[in-house]
Structure formats: C-alpha cells, structure tokens
Amino acid sequence: MTAKGSESIAGAKTPRTARGRKTLRKLLDAAAVEFGEKGFHAASVISITSRAEVALGSFYTYFDSKDALFQALVQDMSSQVKSHAASAVGALKENAEPSALDVEEVALASFLRFASEHKEIYRIIDESEFVDPVAYRAHYEGTAARILERLQAGAQAGELSPDVEEAHAWAVMGMNVFLGLRYAVWSQDSDSLDIASIARKILEKGIAQSTRASR
C-alpha cells in the first residue's frame with residue numbers, strides 16, 4: 001500500500017513529520033497482514049510492531065490501543081480501494097472520453113486487482129462488522145455513495161436510465177464485492193478485465209439506455 005501523506009485517519013494520531021508518516025504506514029501495513037492472517041482477537045500489538053520493525057513503545061505514539069489501530073486500518077483500506085479506482089478512472093480519462101459503462105468497468109477491474117494483491121481486505125472488513133460496526137457501515141456507505149455519484153453522472157449524460165437511485169448503487173456494489181471474493185480472493189483463474197467485461201454486460205442489460213448501451 002502507498003503512503004497517505006498527512007491525511008487524517010480515524011483512530012490514528014496524525015504524525016507531524018515525514019518520518020512519522022512512514023512509521024504509521026509501516027504499522028498499518030503490518031496490521032493488515034497480522035489481522036488478515038490471525039483475525040482481530042488473536043492478533044497482538046507486539047506481533048504487529050515486530051512485523052513493522054517498530055519499537056513497542058512507539059506504537060502508542062500513533063494509536064491508543066489495538067482497537068484504535070483496527071479502526072484506522074478499516075478506514076485506510078477503504079481509502080486505498082477508493083484511490084485505486086480513482087487512479088484507474090483518471091488514467092482512462094487522460095486518453096479518452098469514457099462512457100459511464102467504461103468507468104464502471106475500469107473501476108471494477110481496479111478493485112479486482114487490488115483485492116488480488118490484498119486478499120486480507122475481505123477478512124478485515126468482514127470482521128469489522130463485529131469489532132467496529134461504525135467503521136464497517138462507513139466503508140460500505142462510502143463505497144455505495146461513490147458508485148451512486150458515478151451512476152447519476154451517467155444518467156445526466158443520457159447514457160444510463162434516468163431513474164437510477166441509491167438501490168442501484170448498492171446492487172452494483174454487491175455484485176462487485178462477490179466478484180472480488182470469487183475471482184480475486186478464492187481464485188484468480190480468470191483475468192480481471194474479463195470479469196469486469198462480464199459485469200459491464202449485466203449493467204448494459206439493466207440500467208443502460210438501450211440506444212447507447214455499447215460503444
């Protein structure tokens with residue numbers, strides 16, 4: 001995962017220096033591995049700091065507890081998904097004027113690649129439903145809100161059905177989550193671009209305007 005600079009992360013104490021931000025990043029990355037492998041309850045601060053090669057005492061410079069670290073990690077992983085999708089869509093827009101379906105296809109392919117490289121995200125997000133329900137809900141509500149914004153932009157452009165609403169965004173997100181589970185976490189026997197193309201065809205039949213469904 002890449003560093004998030006000075007961006008505030010819930011649960012973490014914002015570092016003031018580049019060195020501090022680097023240490024925070026190391027702790028978050030180590031925590032992702034630790035929680036991903038062992039789960040929240042079996043994971044330990046000592047093991048996390050050992051993985052990060054950070055002194056145990058330094059941990060409390062950044063977090064008050066293991067719970068605070070977990071909360072920060074959920075937000076951080078959610079932000080990582082967001083930034084990866086935004087980067088992929090931004091790169092697409094540099095070379096073309098993509099349709100709404102192009103954007104959804106590229107965003108899903110980006111998520112599948114991210115999930116294949118960070119399989120632990122599924123265990124961590126799922127466990128957050130019980131460890132930190134607020135962070136769990138915020139992750140999905142934030143993701144759905146971004147999808148809805150994209151779909152509404154497509155509707156305004158006349159490419160998607162004008163009756164697109166929040167439920168459509170949640171349906172798209174649900175499809176993406178389970179495609180990621182099957183084709184990025186459980187097995188990588190299909191190319192992410194092929195899976196994203198299949199999902200696109202589902203959207204073409206579902207919410208695309210019939211005269212502009214494909215390009």
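Is Gln71 buried, exposed or partly exposed? Gln71 has a relative accessibility of 29% and therefore counts as partly exposed (buried is under 20% relative accessible area, exposed over 50%, partly exposed in between, with a 1.4 Å probe and protein chains only). The model is predicted, so local features need pLDDT of at least 70 and side-chain atom pairs count only at pLDDT 80 or more, while totals for chains, interfaces and linings use all residues. Residues are numbered from 1 along each chain as its sequence is written, and side-chain values use heavy atoms, with hydrogens and water left out.

Gln71 belongs to helix α4 (helices are DSSP runs of H or I with at least four residues, numbered from the N terminus). Leaving aside residues up to four places away in sequence, Gln71 touches Ala10, Gly11 and Asp132 (contact means heavy atoms within 4.5 Å). Between the C-alpha atoms of Gln71 and Pro133 there are 9.7 Å, although 62 residues separate the two along the chain.

Rings of Phe, Tyr and Trp (its six-membered ring) pair if their centres lie within 6.5 Å; planes under 30 degrees apart count as stacked, over 60 as edge-to-face and the rest as tilted. By this rule the count is 7 aromatic pairs. One of them joins Phe40 and Phe70 edge-to-face, at 5.3 Å centre to centre and 75° between the planes. Phe40 lies in the loop between α1 (18–38) and α2 (45–52) and Phe70 in α4 (residues 66–95), so this pair ties together parts that are 30 residues apart in sequence. Lys66 lies over the face of Phe40, 4.5 Å from the ring centre (a charge sits over a ring if NZ of Lys or CZ of Arg is within 6 Å of the ring centre and within 35 degrees of the ring normal).

Tyr136 and Tyr140 are both in α7 (residues 133–156), 4 residues apart, about one turn of the helix. Tyr136 is partly exposed at 22% relative accessibility, whereas Tyr140 is buried at 17%.

Helix α7 is also among the elements that cover the buried residues of α8, together with α5 (100–117), α6 (120–131) and α9 (192–206). Those buried residues include Ala169, Val172, Leu179 and Gly180. A kink of about 30° in α8 is centred on Gly180 (the bend at a residue is the angle between axes fitted to the seven residues ending there and the seven starting there).

Note on methods. Helices (H or I, at least four residues) and strands (E, at least two) are DSSP runs, numbered from the N terminus.
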